[in-house]
Amino acid sequence: MSTSPAHPGAGATPNGGKPAPGTPASSNPGPGKPGAGGFKRVRPRVDWKAVWPIPLALSSAALLASGIFVGVLKMPKDDPALPLQQAGENYEQGRFAEALAVLNHDGVDMFNRGLMLPEQQLEFYTLRARSLYFGQEKLGIELENNYKRIIEAYDAAQRAGLKTTASDTGALANARLFLGETDKAVRLARSLAGVDETRRLRLYRKIVERSLRAAEQSTARGGRGSSGDVARGGPALELLAEMIEMPNLSLPERAWVVARQAELRLAAGYYEEASVRLLRDLTKFDELDRPSRAELMFLLGKSYMLAGKGLRATDFLEAAEADLPEFDDRRAESRVLRGQLLAAQGDAEGAREQFERVVDAFDQSPQQLAALVGLGDVEAALGNAPGALKAFREAIRLVAQRGPKVGVDFDLLGQRLLAKAQDRLLQNEPGEALAFATLSQEALRRLGPVPAPVNIALAVANRASAERIIADAGGTGPGVDWSAISDVSATEAKGFLIDAGISYRQHARQMTIADYQVQMDSLWNAGESFDRAGDTEAAIEAFSSFVQGARTDFPRRAEAIFRLAQVYESRGEFGTASRLYEQLVAQRESRDSFAGVWADRSLVPLARCYMLGTTGESTGPVVDVSTGAAEPGAKQEGQPPAASSKDQKASGEKNSKPAAAANSTRSSAPTPDQLKERRERLEANQARAVQLLSSVVDGGALLEPDAQGFVEALSLLGELHYARGEYEPAVERLRQTLQRAGPGPTSVTVRYKLADSHRRLALAGTGGGSNEPLSQRAVSEATRQGHLEAAERLYREVVSDLARKPAARVTAMEALLRRNSLFYAADCVYLAGRYAEAVRHYLAARDQYPQDPASMVAMTQTVSALVKLERWDEARTVHERAKVLLTSIPDEVWSDPARLLPMERRHWEAWLDSKMQIERLPAAPALTGAGAARQSPP
């Protein structure tokens with residue numbers, strides 16, 4: 001048979017009659033030659049899967065496969081010449097897929113059976129390498145695995161004696177270049193000198209272009225390239241120098257070499273040298289075609305721009321655009337460069353126009369990414385944050401989809417966005433800052449952990465956003481009264497605060513080694529953000545970490561302990577809170593103490609813990625104040641677990657029911673001894689609280705009389721006296737509290753307790769005793785009346801204050817205080833002996849709460865007042881109505897302490913007395929005096 005030729009396109013004769021130079025010959029032994037037993041085994045088996053790694057080619061040859069295989073099946077058995085001849089004919093006619101199919105079926109079979117002579121093995125390898133290379137080239141695909149198989153086949157063929165043609169050399173060079181073996185590709189290309197100059201030039205160009213792409217990717221963004229970058233373009237530099245010396249180089253090819261040399265100089269940062277060489281070469285190319293000249297003009301403009309000569313750069317770039325093809329990438333890059341020049345000159349509008357033209361018209365160009373970055377920059381400079389965010393968001397999408405291009409990657413995008421976030425924070429625009437920082441986080445997290453500067457920007461922006469919402473809603477100060485803010489605003493602000501805490505906490509972890517002071521600042525801010533948002537678990541974790549990590553003399557350490565105690569107190573863990581407060585207070589007398597004002601400020605909340613705690617036991621703080629180390633031993637009350645707040649909440653919800661059941665079982669039936677012990681502990685706690693608060697308000701502590709803590713001490717002391725039934729000192733302290741504090745969130749409660757203290761003092765003075773002298777009785781009665789008048793006035797002030805407050809902002813407790821104040825104000829009128837007026841007030845209160853069990857007070861006291869007035873028919877009517885109302889109220893209502901019903905024992909007693917008086921009357925009494933004036937039943 002004829003030898004397998006080189007690809008027809010590589011100089012071989014397409015008719016297949018003559019072999020190309022250097023192609024090995026192989027004679028057909030024919031049917032009369034030795035059969036299976038006469039062929040020599042010369043080689044191991046071949047992996048047939050490696051013969052055909054072009055999946056697309058196989059599908060393209062699918063229609064011919066059946067015919068080929070039919071022909072194969074009809075071939076004489078054990079004759080390797082026939083499949084080689086069939087494959088050779090297909091190859092010569094450009095049917096590379098069919099050639100490989102034959103080799104894959106019968107050729108591999110005969111090779112593995114050892115039926116091929118050495119010259120036939122050579123032909124097998126050669127056909128396989130050439131068919132695979134040109135088959136892939138014909139389909140327009142480039143697969144790494146295919147190139148590896150091509151090189152393996154050529155290596156085997158060369159070992160078998162193949163004398164490669166220029167076409168084979170070109171194929172091998174291309175395969176080596178694709179696999180990154182640039183040096184081997186260069187040597188193969190140079191071997192074509194004097195053999196095939198056209199092919200050598202074509203290979204040189206391909207090697208240069210690939211080297212330039214690698215150099216461009218490794219060049220530092222926006223500045224001079226490093227020496228390493230230039231070294232990566234080394235093969236290109238050498239080949240370009242060789243090309244420029246080729247005597248038969250055409251003018252367009254010479255211009256191409258000059259352009260590539262300029263690109264290498266620009267990539268290495270030699271802008272001046274590039275511009276000088278381009279200026280000189282442009283004067284030589286008078287007859288150059290317009291596209292080639294436009295490319296050189298573009299590079300000249302780019303070199304001027306990079307050298308900082310913007311005005312001349314614009315002239316050259318505009319001239320280049322006039323001759324560049326409409327959708328040439330260089331036209332897109334030219335507009336990007338012009339946009340960057342305009343932006344640098346302060347013409348943001350002009351720059352935006354250039355960038356938008358590239359974005360809209362060059363959606364498949366790599367320059368679209370550079371244009372999007374430029375557009376994002378100018379939109380931000382123009383104050384159009386949504387436009388800037390849109391551009392950067394699209395750039396992130398394209399990098400994720402297409403990979404980094406023209407120096408634009410996730411790192412560049414993330415850093416640009418971070419800079420804009422920091423700028424917006426300086427301009428006090430937290431919302432925009434947060435949007436830029438969040439997008440920066442989205443870009444940079446694709447490269448690994450989010451950098452510390454992004455986390456701190458997110459933290460500051462989130463916190464500032466929360467503070468703005470709180471301020472707009474009227475809230476100020478470190479302690480936010482969330483009840484004074486709408487639910488919508490409160491939810492939004494709390495979300496920002498929690499996000500701020502998370503970012504601060506992450507930033508603190510990143511600064512553990514880098515900067516101790518910054519780490520502690522971020523830990524503090526994390527705790528404060530969580531605390532303000534009401535995430536007590538996360539706040540405890542942050543403040544505990546702060547205390548444990550802070551040196552004993554570290555600023556804010558004592559404050560962190562104080563804040564930690566406050567968080568525990570807010571959770572109702574008064575034992576742990578009191579231990580922390582106690583240790584701060586204990587350091588007041590220590591010469592080496594750094595507790596300072598926080599020790600004094602702990603007095604009042606410590607007293608509050610004594611008041612609110614049910615026992616005097618302290619389970620110990622999370623950290624020891626003196627050492628900052630966690631205390632050993634059993635699990636401490638309120639100690640945060642190592643897990644996150646979210647995990648801890650989930651765990652708490654999961655275990656809450658069993659724990660509640662266990663607590664209920666333990667406390668459901670306390671023994672008399674246990675009850676006695678609790679009372680004693682409560683009394684001891686209250687006594688300690690009185691001692692602490694008295695030391696504050698009587699000058700024993702360091703708090704100034706106008707300090708907030710002093711007013712709070714007055715209030716707590718008054719409330720404590722009130723809770724202990726010590727109403728005279730309660731009146732004094734609560735009155736002083738109102739005078740000093742003025743209007744505020746707690747003024748209603750203080751006013752109510754002051755009113756109630758006056759009322760109870762009046763009740764205590766009722767019926768002062770017949771043994772008193774008349775003069776003393778008069779004084780006692782006047783005092784009693786004074787208490788009643790003060791109580792009535794204060795009760796009505798409570799009602800009035802709460803009536804002015806928006807209904808949505810009235811708490812459940814305030815609603816109960818308002819209801820009770822109405823009934824108790826009427827009670828004061830009754831106790832003062834103004835019975836007719838009392839009837840009106842009782843019935844007015846009842847009308848406001850017709851379905852409330854509290855209306856029983858109004859009904860029963862109205863009966864008592866009417867009896868006092870001897871209005872018997874009305875009294876009897878109201879009495880019957882009260883009985884009906886009583887039957888409609890479940891018994892358990894009266895034993896529910898949460899309802900704070902104003903129905904006291906004396907009211908039941910007075911109603912019973914009135915009932916007995918009514919029942920003693922005849923059916924139709926003859927009324928005289930005050931009872932003669934009949935009124936309609938209330």
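This is a predicted model: local features need pLDDT of at least 70, side-chain atom pairs count only at pLDDT 80 or more; totals for chains, interfaces and linings use all residues.

**Overall picture**

- The protein has 40 helices and zero strands.
- Of the 938 residues in the protein, 48% are buried.
- The accessible surface of the protein comes to about 45200 Å², and carbon and sulfur atoms account for 52% of that surface.
- When contacts between residues at least 6 apart in sequence are considered, 66% of them join residues at least 24 apart.

**Loop residues with positive phi**

- Most residues other than glycine have a negative phi.
- Arg556, although it is not a glycine, has a positive phi of about 75°, and with a relative accessibility of 43% Arg556 counts as partly exposed, because that class lies between the limits of under 20% for buried and over 50% for exposed.
- Glu870, found in the loop between α38 (855-868) and α39 (872-887), is another residue other than glycine with a positive phi, in this case near 60°.
- The relative accessibility of Glu870 is 37%, so Glu870 also counts as partly exposed.

**Helix pairs**

- Two packed helices are described by the angle between their axes and the distance between the axes.
- Helix α4 (residues 96-112) and helix α5 (residues 118-139) have axes that come within 9 Å and cross at roughly 150°, and the two helices are therefore roughly antiparallel to each other, since angles over 145 degrees are counted in that way.
- The crossing of α4 and α5 is left-handed, and the contact is made on the α4 side by Phe96, Ala99, Leu100, Leu103, Gly107, Val108 and Phe111, while the residues on the α5 side include Gln121, Phe124, Tyr125, Leu127 and Arg128.
- By residue class, the contact of α4 with α5 divides into 11 nonpolar, four polar and two charged residues.
- Helix α12 (residues 251-268) and helix α14 (residues 290-306) have axes that come within 10 Å and cross at roughly 15°, which makes α12 roughly parallel to α14, because angles under 35 degrees count as roughly parallel.
- The crossing of α12 and α14 is left-handed, and among the residues that make the contact are Pro252, Ala255, Val258 and Ala259 of α12 together with Ser292, Glu295, Leu296 and Leu299 of α14.
- The residues of the contact of α12 with α14 comprise nine nonpolar, two polar and four charged.
- Helix α19 (residues 385-402) and helix α21 (residues 430-444) pack at an angle of about 5° with their axes 11 Å apart, and this makes α19 roughly parallel to α21.
- In the contact of α19 with α21, the residues from α19 are Ala385, Ala388, Leu389, Phe392, Arg393 and Ile396, and those from α21 are Glu432, Ala435, Phe436, Leu439, Glu442 and Ala443.
- The contact of α19 with α21 divides into nine nonpolar and three charged residues, with no polar ones.

**Individual residues within helices**

- Ser529 lies in helix α24 (residues 516-533), and at 0% relative accessibility Ser529 counts as buried.
- Leaving aside residues up to four places away in sequence, Ser529 touches Arg463, Leu497, Ala500, Gly501 and Tyr504.
- Val359 lies in helix α17 (residues 348-361) and is buried, with a relative accessible area of 16%.
- Val359 and Leu369 are 10 residues apart along the chain, and their C-alpha atoms are separated by 8.0 Å.
- Not counting residues up to four places away in sequence, Val359 touches Gln368, Ala371 and Leu372.
- Gln739 is found in helix α33 (residues 727-741), and with a relative accessible area of 58% Gln739 is exposed.
- Although Gln739 and Val711 are 28 residues apart in sequence, they are 9.6 Å apart in space, C-alpha to C-alpha.

Key
Residues are numbered from 1 along each chain as its sequence is written. Side-chain values use heavy atoms; hydrogens and water are left out. Axes are lines fitted to C-alpha atoms, for helices over the stretch in contact, and angles run from 0 to 180 degrees between N-to-C directions. Helices (H or I, at least four residues) and strands (E, at least two) are DSSP runs, numbered from the N terminus. Angles under 35 degrees count as roughly parallel, over 145 as roughly antiparallel, 65 to 115 as roughly perpendicular and the rest as oblique. A crossing is left-handed if the near helix is turned anticlockwise from the far one by less than a right angle, and right-handed if clockwise. Contact means heavy atoms within 4.5 Å. Ala, Val, Leu, Ile, Met, Phe, Trp, Tyr, Cys and Pro count as nonpolar, Asp, Glu, Lys and Arg as charged, and the others, Gly among them, as polar. Buried means under 20% relative accessible area, exposed over 50%, partly exposed in between (1.4 Å probe, protein chains only). Accessible areas come from the Shrake-Rupley method with a 1.4 Å probe; for residues, only the protein chains shown count as cover.
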